[in-house]
Structures are given as structure tokens and as C-alpha cells.
Amino acid sequence: MLNEIRQTVKKLFNENKIDVFIGFCEGTLPLRTTPCFITTADDTDKLVWNSFCTNNLAVYLPRFFLPKPRGKEPKWPRVGILVNGCTGRSLVGLLQEKQIPRENTVIVGVPCDGMIDIKKIKGIEIIEGTEKKGSIIIVDKTGKEKELKIDSLRADICLSCSCFVPPVYDYLVKGKGKETVVPYNGVEDFEKMSRQERWSFFEEQISKCIRCYACRAACPNCWCKECFVDQSLPRWAGITNDISDTMFYHIGRIFHQAGRCVDCGACVAACPVGIDLRKFTYKLIMDVKDLYEYEAGLSQEEPPPLVTYKPDDEQEFMTEP
Amino acid sequence: MTPRTEEYEPTIVSFLCNWCSYAGADLAGVSRIQYSTNIRVIRVPCSGRVNPFYIIKALQNGVDGVLVSGCHPGDCHYISGNYYARRKFALLKRYLEYIGIEPERVQFSWVSAAEGGRFAQIVEKVINDVRKLGPIKSSIVKKL
């Protein structure tokens with residue numbers, strides 16, 4: 001699969017179809033790759049594709065296509081991007097919201113069978129890690145090697161993903177994607193808890209937050225030039241360490257994803273303190289599916305749920321005297 | 001909010017749409033209909049104008065309940081504002097209930113300009129519901 005990716009990208013550069021390609025390269029830390037921006041055909045040998053590619057690359061697209069200068073034609077580059085299922089869905093979301101032009105984007109799709117979650121490896125200080133045929137060989141500080149099966153380390157969000165191939169692509173690399181889908185029950189389990197328990201869980205998760213905004217930086221849907229958090233008039237989420245401000249930030253950001261979140265897990269993977277954001281984002285995904293039969297990121301033509309309406313929408317929640 | 005007497009009295013903030021709900025409330029006033037005074041009214045041009053953040057901000061500032069009221073579906077002065085509001089608030093209400101805020105604290109209703117009595121009934125219902133729940137959880141109230 002990796003060879004075919006490199007050949008496709010080299011061909012794109014040789015035929016002068018793209019100016020820059022967004023992919024993954026070898027990372028500086030073990031068990032991580034880093035997003036990279038290739039500009040020449042020679043650099044395509046740096047590209048990698050393995051089970052450590054957790055980032056959602058669609059987050060880098062909108063910044064290539066900043067709004068057009070007044071009175072002039074925009075000089076936008078032609079950008080190629082390597083996408084798997086979840087990245088592809090984010091890309092469709094960006095196309096829907098007109099943040100990227102389809103004509104300037106070349107999408108190289110690759111079937112994905114899930115990435116590992118580094119937080120699942122506990123108790124070992126990893127110095128080196130390599131992937132080999134379904135397992136990861138880790139070398140720790142003492143030089144001891146340990147082999148772990150990739151299937152035991154896959155991220156929960158990848159286990160429940162049913163979108164192994166991106167919904168839109170220009171080239172699709174041949175390969176085998178996922179085969180099984182493990183449904184996510186976190187929201188149903190959470191709803192079984194009592195109200196006080198749910199609030200305590202929410203409070204406890206939010207109190208871990210250090211307001212680094214990594215979740216916002218990693219999310220492709222957070223492309224706003226001015227985020228509500230940075231607004232000072234009105235000051236929505238204050239910059240104090242009062243927990244109510246952090247609660248506002250999270251409630252606000254997750255609510256802004258209503259109807260747009262594609263459950264890619266970039267925010268969960270990016271969080272340095274390990275807040276379980278998926279329990280809260282997934283609730284909105286389920287509600288949108290339940291109320292308005294809409295799943296984000298699958299179709300470019302369907303209007304998002306909050307910019308449209310039906311005269312007979314559900315209104316059980318309304319108060320009657 | 002600190003109670004004025006030994007008995008706890010809730011504070012409710014309401015966002016009423018200018019053309020229907022606010023007019024309905026005004027009619028209740030003109031008709032001298034008595035209802036509890038715990039409610040504070042904010043007039044907005046349309047229920048669709050109400051940003052869900054206003055509701056969360058109100059709860060952060062210590063109010064115990066929020067009521068948002070608009071025109072009946074099909075009667076919006078701006079044609080479709082209340083339809084968009086309905087979608088937003090359906091999601092917001094489910095979401096707030098999920099994270100542990102009692103659903104009776106944030107309520108939504110349709111009140112038309114002719115429904116003065118109904119407005120008073122809805123307000124009484126909201127105030128009674130919130131009075132039973134007590135003051136809002138302290139961790140969401142901003143202290144700094």
C-alpha cells in the first residue's frame with residue numbers, strides 16, 4: 001500500500017497536477033508519525049502510512065484557501081491530501097461549508113483498518129517502536145523488547161468506525177480496510193447513570209482541562225477565524241481557572257459541532273490530559289441522527305441539519321401549560 | 001441567587017420573541033392577570049435570534065431557570081426563524097439533560113400574541129418546576 005501511495009504522489013508531481021501534498025512522515029517520537037507537506041517528487045519517499053497515523057489531515061486544508069483578496073483573482077495552490085475514512089468525511093464537511101474548493105484539491109484515498117491508541121500502552125517507557133505484520137515491537141529504557149498485538153491497541157474510535165474508505169476521492173489506493181465494526185455503547189451506558197452521577201462525571205472530566213485548546217486545534221471543523229472563546233465582547237468563556245468557564249468552553253465547542261462532527265477522534269487523541277470527549281460529542285451525533293436522520297460528512301449535496309428545517313420537526317420537548 | 005425570605009424563590013430569565021410571545025406577555029399585563037414575579041423578561045426580535053450560548057450564560061450567572069418563547073410554527077414574523085430555533089433547542093435541551101442539568105430548568109414554548117392567559121400559565125408552570133428543583137448546581141455558577 002505504501003509503495004502505491006508514493007507512486008501515485010510522484011506521478012501527481014511529475015504531471016504537475018499539485019503544488020503541495022499533505023501526508024505523513026516518520027515522526028521524531030516513537031510510535032508517532034508527523035503530518036508533512038511535500039513539495040517535490042523527490043520528497044515522496046518520506047511518506048509513510050502505518051498504524052501510527054492518528055492525525056486528521058483535513059485540519060490543514062482550510063489555511064491554504066484563505067479568503068480571496070478584494071479585486072484580485074486568488075492564487076490558491078493545488079493541494080493533494082492523503083485521506084482515510086474519517087479524514088475523508090471531515091473533508092466532505094469542509095466542502096459542504098465551502099472552506100475548500102473542490103477543483104484545487106486532489107484526494108488520494110486509502111483504505112484504513114484503524115490506528116493505535118498510544119494511551120493503551122501502560123507501564124512501559126517507550127524508546128523505540130516499529131510495526132511488523134500485525135504487531136508492534138517496543139524497545140523500552142532497559143533495552144528489553146516487547147511485542148504487542150496491534151488489534152489489542154486499536155483506538156476505540158477506530159474500532160467503531162464503519163467508514164473504511166473515504167466517501168470522495170480522486171485516486172483510491174488498493175488495500176484491505178477494516179472488516180469488523182464494534183458499536184460504541186458509551187452514550188447508552190452513560191444515560192443509565194443517575195443525574196447526579198452524570199454531572200459528577202462531567203465535572204470531574206472538565207476539571208482536568210488545562211485550556212490548551214488542542215482539541216480545537218486538531219478539529220477540522222474548528223476553522224473559524226475568530227473562535228467564540230477568543231471573543232472578549234461578549235466574553236463567553238472567561239480565561240479564569242473557574243470550572244464554570246471551562247464548562248462553558250466545552251459545552252460551547254461541542255454544541256458548535258452539532259450536525260458537523262464526524263467522530264474522527266482527533267480531539268480525543270490530541271487531549272494531553274485524557275478527557276473523555278467522545279462521550280459528549282457522540283451524544284450530539286446520535287441526537288442528530290435520531291431527530292433529523294443526518295450523518296455528517298457523507299454527502300456534499302445534503303444540507304446540514306441546522307441550516308434547514310421541516311414544518312413537522314419533533315417538538316415533544318416544548319412546554320405546554 | 002440568595003433567597004429574600006426563608007423560602008427559596010427561584011429566578012427565571014426569559015427570552016420572548018417581540019412579535020408573539022412578548023405581545024402575549026403584554027396582553028397578560030394589560031388584562032391584569034396575576035402571576036408570580038420571579039420572571040425577568042428579555043425581548044428579542046425572534047426566537048431564532050436566541051443563541052444557545054445565552055441560555056448557558058444565564059445559567060452561569062446564577063439564574064435558576066430559562067424560558068425561551070416564540071411564535072407558533074408557521075406564524076413567525078420572519079417566516080422561518082422559529083423553525084431554526086426549534087431544531088437548535090431540541091438538540092440543546094437533550095444535550096443539557098445528558099450532562100446532568102435538570103431538564104425542567106430550560107424550557108421552550110410557543111405563545112402567540114393573543115394568548116395572555118396561556119403565557120401566565122406557562123410562566124407559573126416553569127416557576128413551580130424550578131422551585132421544586134432548588135438553586136442551580138454551584139459548579140456551573142461563575143465565581144471569578
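Biologist: Is His250(A) buried or exposed?

Modeller: Buried means under 20% relative accessible area, exposed over 50%, partly exposed in between (1.4 Å probe, protein chains only). His250(A) has 3% relative accessibility, so it counts as buried. This is a predicted model: local features need pLDDT of at least 70, side-chain atom pairs count only at pLDDT 80 or more, and totals for chains, interfaces and linings use all residues. Residues are numbered from 1 along each chain as its sequence is written, chains are lettered from A and ligands numbered from 1 in the order in which they are written, and side-chain values use heavy atoms, with hydrogens and water left out.

Biologist: Which residues does His250(A) touch, not counting those up to four places away in sequence?

Modeller: Contact means heavy atoms within 4.5 Å. His250(A) touches Ile206(A), Cys209(A), Ile275(A), Leu277(A) and, from chain B, Tyr95(B). Cys209(A) lies 41 residues from His250(A) in sequence, and their C-alpha atoms are 9.4 Å apart.

Biologist: How do I read the packing of two helices?

Modeller: Use the angle between their axes and the distance between the axes. Helices here are DSSP runs (H or I, at least four residues), numbered from the N terminus. Axes are lines fitted to C-alpha atoms over the stretch in contact, and angles run from 0 to 180 degrees between N-to-C directions. In chain A, H6 (residues 195–207) and H8 (residues 243–256) pack at about 100 degrees, axes 10 Å apart. That makes H6(A) roughly perpendicular to H8(A) (65 to 115 degrees). His250(A) is among the H8(A) residues in this contact, and Ile206(A) is among those of H6(A).

Terms used: Helix = DSSP H or I, 4+ residues; strand = E, 2+ residues; numbered from the N terminus. Parallel < 35°, antiparallel > 145°, perpendicular 65-115°, else oblique.
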